[in-house]
Amino acid sequence: QVQLVESGGGWVQAGGSLRLSCVASGSSFRFNPIGWYRQAPGNQRELVAFITNGGAITYGDPVKGRFTISRDNDKNTTVYLQMNTLKPEDTAVYYCHVQYTNYWGKGTLVTVSS
């Protein structure tokens with residue numbers, strides 16, 4: 001059974017940092033690009049970042065220079081999102097997604113207070 005389990009969300013003041021993790025299990029995703037998306041209340045889901053198995057990275061414009069995505073393909077594929085200099089507008093539910101599939105995690109809430 002495929003599972004994508006996110007963790008690391010929480011509450012932080014503006015300017016602070018959080019690190020999200022996504023563990024992908026139940027299948028081998030070492031060759032798939034895996035990404036982070038987010039959805040704030042009333043907004044559409046948007047790309048935060050994704051990373052290919054070769055390490056090529058794409059960031060959404062709002063997070064460039066502040067967020068860093070990385071991955072580890074040992075046993076289960078784990079994808080991390082280091083979020084620095086957080087802003088209130090980063091408040092959202094953050095989802096892990098295996099690109100080109102229907103596999104999504106259940107999300108982890110990030111709340112940034114001003």
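In strand β8, Leu81 is the bridge partner of Ile69. This contact belongs to a predicted model, in which β7 and β8 (residues 77-83) pair in the antiparallel sense over six bridges.

**Four-stranded sheet**

- Four strands form an open sheet in the order β1-β3-β8-β7, and their pairing is antiparallel.
- Because β1 (3-7) and β7 (67-72) each have a single partner strand, they stand at the edges, and one side of each is left without a neighbour in the sheet.
- On average, neighbouring strands of this sheet are turned by 15° against each other, direction ignored.
- β1 runs antiparallel to β3 (residues 18-25), and five bridges join the two strands; Glu6 stands opposite Cys22 in β3.

**Six-stranded sheet**

- A further open sheet consists of six strands in the order β2-β10-β9-β4-β5-β6, with mixed pairing.
- The edges are taken by β2 (10-13) and β6 (57-59); each has a single partner strand, so one side of each lacks a neighbour in the sheet.
- From one strand to the next, the twist averages 25°.
- β4 (residues 34-39) and β9 (residues 92-98) run antiparallel and are joined by six bridges; Arg38 stands opposite Tyr94 in β9.

**Aromatic pairs**

- Two aromatic pairs are found in a search of the whole structure.
- The ring centres of Phe29 and Tyr103 lie 5.8 Å apart with the planes at 70°, so this pair is edge-to-face.
- Phe29 is in the loop between β3 and β4 and Tyr103 in the loop between β9 and β10 (108-113), so that the pair links distant parts of the chain, 74 residues apart.
- Phe29 is buried at a relative accessible area of 3%, while Tyr103, at 37%, is partly exposed.
- The rings of Tyr37 and Trp104 are also edge-to-face, because their planes stand at 65° and their centres are 5.2 Å apart.
- This pair links distant parts of the chain, with Tyr37 in strand β4 and Trp104 in the loop between β9 and β10, 67 residues apart.
- Tyr37 is buried, with a relative accessible area of 15%, whereas Trp104 counts as partly exposed at 34%.

**Charges over rings**

- Arg45 lies over the face of Trp104, at 4.6 Å from the ring centre.
- Arg19 lies over the face of Tyr80, at 4.1 Å from the ring centre.

Methods. Residues are numbered from 1 along each chain as its sequence is written. This is a predicted model: local features need pLDDT of at least 70, side-chain atom pairs count only at pLDDT 80 or more; totals for chains, interfaces and linings use all residues. Side-chain values use heavy atoms; hydrogens and water are left out. Two strands pair if DSSP finds at least two bridges between them. Axes are lines fitted to C-alpha atoms, for helices over the stretch in contact, and angles run from 0 to 180 degrees between N-to-C directions. Rings of Phe, Tyr and Trp (its six-membered ring) pair if their centres lie within 6.5 Å; planes under 30 degrees apart count as stacked, over 60 as edge-to-face and the rest as tilted. Buried means under 20% relative accessible area, exposed over 50%, partly exposed in between (1.4 Å probe, protein chains only). A charge sits over a ring if NZ of Lys or CZ of Arg is within 6 Å of the ring centre and within 35 degrees of the ring normal.
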